[in-house]
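Here's a quick look at some aromatic and nonpolar side chains. Have the model open while you read.

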Amino acid sequence: RVVTSKEEKSLGAYCLIHKKDLIIYDLDKEYESYHIRRKGGPDNKEVRSLLCCPLFIQGKVTGYISVQSYDVNKYTQQDLSKLSLLASYIAIALENARLYNQTNYLARYDGLANIYNRMEVLKKGQQLLDNRDQTQSLSVIMFDVDYFKKVNDTFGHQAGDEVIQQGGNLLNKYKSN
């Protein structure tokens with residue numbers, strides 16, 4: 001996660017940049033050491049104590065979780081340990097959700113062309129046939145890249161991938177839904 005200049009002087013950014021858990025017992029006494037600006041909360045109350053833990057996914061920090069209170073000395077080292085454990089579970093859940101979404105996408109789409117793969121085309125085609133009004137006509141358009149093997153053999157697979165991507169972009173540009 002990239003820390004924006006707007007966030008640079010927040011405790012969350014400090015946690016992200018330094019990749020470590022953070023416990024603040026009394027922000028009024030400690031905030032200068034973190035070079036942050038103070039912000040008031042609802043009813044002009046200010047956060048006085050907080051916990052902040054980075055979310056690590058495969059060794060990279062992707063975000064953070066924070067718990068805050070208007071009371072001084074609200075949290076203990078034991079609370080920080082519990083939040084850190086929760087942060088690891090949250091990071092795992094987020095990564096699993098990302099991987100699930102990626103797998104679900106790749107099960108239906110060609111990852112290179114960004115268009116439906118063969119199985120999804122057949123499934124969608126069958127749905128169209130099953131759900132159409134008998135008075136409706138249905139058309140199928142197919143296309144082929146002539147001499148595609150020659151593109152790969154002559155210019156390399158990277159150039160062939162570019163042809164596939166551009167073909168997919170063209171199809172996506174003109175698809176109806």
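First, a working definition: buried means under 20% relative accessible area, exposed means over 50%, and partly exposed covers what falls in between. Keep in mind that this is a predicted model.

With those cut-offs, Tyr105 comes out as partly exposed, because its relative accessible area is 28%. Tyr109 has a relative accessibility of 17%, so this residue counts as buried. Then there's Tyr116, which is partly exposed at 31%.

How do these tyrosines sit relative to each other? A pair of aromatic rings is described by the distance of the centres and the angle of the planes. Searching the whole structure turns up two aromatic pairs, and here they are:

| Pair | Centre to centre | Angle between planes | Arrangement |
|---|---|---|---|
| Tyr105 and Tyr109 | 4.6 Å | 5 degrees | stacked |
| Tyr109 and Tyr116 | 5.1 Å | 35 degrees | tilted |

Now for the surface. Leu85, Leu86, Tyr89 and Ile92 build a nonpolar patch there of about 400 Å². If you want to find Tyr89 in the model, look in helix α3, which spans residues 77-108.

Terms used: Residues numbered from 1 in each chain as written. Predicted model: local features only at pLDDT ≥ 70, side-chain atom pairs only at ≥ 80, totals over all residues. Heavy atoms only, no water. Patch = residues over 30% accessible without salt bridge, like charges linked within 9 Å, V, L, I, M, F, W, Y side chains within 5 Å. Areas by Shrake-Rupley, 256 points an atom, 1.4 Å probe, with all protein chains shown as cover. Salt bridge = Lys/Arg side-chain N within 4 Å of Asp/Glu carboxyl O. Helix = DSSP H or I, 4+ residues; strand = E, 2+ residues; numbered from the N terminus. Phe/Tyr/Trp six-rings, centres within 6.5 Å; stacked < 30°, edge-to-face > 60°. Buried < 20%, exposed > 50% of the residue type's maximum accessible area, 1.4 Å probe, protein only.
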